[in-house]
Each structure stands twice: as C-alpha cells, then as structure tokens.
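Here is a short report on one protein model. Keep the structure open as you read, and look for each part as it is named.

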Amino acid sequence: MKTNLSPVIAGTMNWGVWDKNLSSDEMANLIHVCLENKITTFDHADIYGGYTTESTFGIGLKKSKLDRSKIQLISKCGIQHVCDTRNNRIKHYDYSKEYIIWSVENSLKNLQTDYLDVFLLHRPSPLMVADEIAEAVEQLKKDGKILDFGLSNFTPSQTDLIQQKTKVSYNQIQFSATDFQPMLDGTLDHMQFHQIRPMAWNPLGIVFREDTDQTRRLKKLFVRLIEKYKVGSDLLLLAWIMQHPSKVIPVAGTVNVARIQQLQKAAGLILEKEDWFEIWTESMGNKVP
C-alpha cells in the first residue's frame, strides 16, 4: 500500500529553530496556507530543530483544528544528533528495534497524532540489521502507529537489504537539475523496477544558493523558458524532476506564502522534450551522452 501523498510535499526542516523559527501560531497558519494550495503532506524528521520542530508543529496542528484525515505526516528517525536535547557524544545512527519503536512513539507524541502516514529511516548505517528493522516496522504497522514505510538516502543495494525483509514504498533522495546522478547511477531505475516512489529533498538544487558556471548557465537558459512557460524558474526546476517517469515527489522547504501558492502549478507543467534536455545539457555543461 502506498499512502496518497500530495504532488508536492511541504518540508518542515526550516520551519523551526534551525532557520525561520516559526511559532506554533505561525505554523498553524502555514499549515492552512499549504492545504488551501493542495499541499496536504508534511515532511518531518525527529532531529529537525535539534529534536524540537515536531513538537512546535504538533502544537500548531492542534491549534489549526484541522481534520487529521485531511493531511499526511511523514517523519524519519535513525540519526543520533549532537545537541542540547540529547546526550550524544558523537553523531551516529541507531536502528535497533527498541530505538525505532521508541522514536516513532516520541514523534507521535510530539506531533500530537496517533499515526504517521509514512515512516522513513533517515540515513543508512553500516551497523543496521535488516531483520531487526523489519521486526520494528511490522510491529509499528500492526499497532497502527505507521501506515507505510520507506527509506531516505539509501542506495539500491542498501534498499535491497531492507526490502528482502519488509516492503519499502518510498526512498527520499537528493535529486534536482544540479544533482542529477540518481537518474544515471541506477537509483531511479531501481525504484521504478521495485515500485518504490521517490521523494526529492533539495529539489531546486544549488541554482539559488551558489554562483557557479553551472548555475549561471541555467539562469541564462531560464530567461527564455520563463517567458515561454510563464512561470518562475523554481517551478521549471520542480517540473523538470517531476517529469521523470519514476514519478518523483519534490519536498519543498519554502515558508514564503506567495511561493507556496505557486507550487501546485509545477504538477501540471509539462516541459517540451527538447527544453527538458536543454536544462540537463546546461547543468552538465556539455551535450548529453
């Protein structure tokens, strides 16, 4: 079973103290803005905000008075982050059965909900034991605490290791016009073959973050494409990854209301084939192989 997620997912990593430091009231308002614009899925991880963002969001969700069945909540666990709220000496990973179950239950408490629509393992660990992970996942599903399960940042071989023991429905990876290796190294092919739905974090890549030869080439191209398609370059970048046949779902981290109101347009935007390839060509700086 795959949970019915919105075509664009709202990423909450920057909502809390790591960046925008939104209050619970501001989060409640932003949740409503997302729903008004057909974004019903919210992506979390236990570590966001040094293990604080889920709790603030949960208070905001309660204040929003929304019907829980109208939204989908994703969260992740596994990274043991070094911060004031945890007694960790060094960053590491924990995928013991006990920790996975405890972490999900803690996320449920913080988010003030009875279940996660999707639960992901945040990053692979060399010490992870597939049987132990599967036992935890199956127990959480049996107890109704998670509806669906997936991975994040896992390679095809790491995915196979887990998939042999329990069904993997999603893998959240870094994929964008400037980080396009997953469509060349077998990652997206593997997901299509095994009917695993990709989510993409940082779906805009480095286009708005760095001034490089690559980003300058893309921005020069976008001058023409913006005029042609009558949308901003951010929507062109989202449409580019969404056009891949693996049906990538972008995780958009913006809290800008005007941008949120535009995001849904990306789902209906189909780039002409040569324009799609031109974006890839300009990103690489040479002709396609």
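## The barrel

This is a predicted model. A closed barrel is built from 8 strands, in the order E1-E2-E3-E6-E7-E8-E9-E10. The pairing in this barrel is parallel. From one strand to the next, the twist averages 30 degrees.

Now look at where E1 meets E10. Strand E1 covers residues 9-11. E1 and E10 run parallel and are joined by 2 bridges. Isoleucine 9 faces valine 251, which belongs to E10.

## Helices on the sheet

Which strands does helix H4 lie across? Helix H4, residues 97-111, lies across strand E3 (72-77), strand E6 (116-121) and strand E7 (146-152). Its direction is at about 135 degrees to E6.

Helix H5 packs on the sheet too, with residues 130-142. H5 touches E6 and E7. The direction of H5 makes about 150 degrees with that of E7.

Turn to helix H9, residues 233-242. How many of its residues are buried? The count is 10 of the 10, so H9 is largely enclosed by the rest of the structure. Buried here means under 20% relative accessible area. The buried residues include Ser233, Asp234, Trp240 and Met242. Leu235, Leu236, Leu237 and Leu238 are also among them.

What do these buried residues pack against? Their partners are strand E9 (197-201), helix H8 (213-229), E10, H10 and helix H11 (273-284).

## The largest pocket

The largest pocket has a volume of about 700 Å³. Its lining is made of 30 residues. Met13, Asn14, Asn202, Arg209 and Gly253 are the ones nearest the centre of the pocket.

What kinds of residue line the pocket? The lining has 11 nonpolar, 11 polar and 8 charged residues.

## The cavity

Rolling a probe the size of a water molecule over the atoms shows where empty space is left. The structure holds 1 cavity of 30 Å³ or more. The space in the largest cavity is about 30 Å³.

Ile9, Ala10, Cys34, Ile39, Ala252, Thr254, Ile260 and Leu263 line the largest cavity. E1 and H10 are the elements that give two or more residues to this lining. By kind, the lining has 7 nonpolar residues, 1 polar and no charged.

## Two valines

Valine 82 sits in the loop between strand E4 (79-80) and strand E5 (92-93). It is partly exposed, with a relative accessible area of 41%. Setting aside residues up to four places away in sequence, valine 82 touches Asn88, Arg89, Ile90 and Lys91. Threonine 178 is 96 residues from valine 82 along the chain. Their C-alpha atoms are separated by 30 Å.

Valine 257 is in helix H10. Its relative accessible area is 34%, so valine 257 is partly exposed. Which residues does valine 257 contact, leaving aside neighbours within four places in sequence? They are Leu30 and Val33. Valine 257 and leucine 30 are 227 residues apart in sequence. In space, their C-alpha atoms are 7.8 Å apart.

## Positive phi angles

Two residues other than glycine have a positive phi. Tyrosine 51 has a phi near 70 degrees. It lies in helix H2, residues 48-51. Is tyrosine 51 buried or exposed? Its relative accessibility is 13%, so tyrosine 51 counts as buried.

For lysine 230, phi is about 60 degrees. Lysine 230 is in the loop between H8 and H9. At 59% relative accessibility, lysine 230 counts as exposed.

Technical notes: Residues are numbered from 1 along each chain as its sequence is written. This is a predicted model: local features need pLDDT of at least 70, side-chain atom pairs count only at pLDDT 80 or more; totals for chains, interfaces and linings use all residues. Side-chain values use heavy atoms; hydrogens and water are left out. On a 1 Å grid over the protein atoms alone, a cavity is a set of points where a 1.4 Å probe fits but cannot get out, and a pocket is an open set with protein on both sides within 12 Å along at least five of seven lines; lining residues have an atom within 4 Å of a point. Grid points are joined across faces, edges and corners, and a volume is the space filled by probe spheres set on the points. Helices (H or I, at least four residues) and strands (E, at least two) are DSSP runs, numbered from the N terminus. Ala, Val, Leu, Ile, Met, Phe, Trp, Tyr, Cys and Pro count as nonpolar, Asp, Glu, Lys and Arg as charged, and the others, Gly among them, as polar. Two strands pair if DSSP finds at least two bridges between them. Axes are lines fitted to C-alpha atoms, for helices over the stretch in contact, and angles run from 0 to 180 degrees between N-to-C directions. Contact means heavy atoms within 4.5 Å. Buried means under 20% relative accessible area, exposed over 50%, partly exposed in between (1.4 Å probe, protein chains only).
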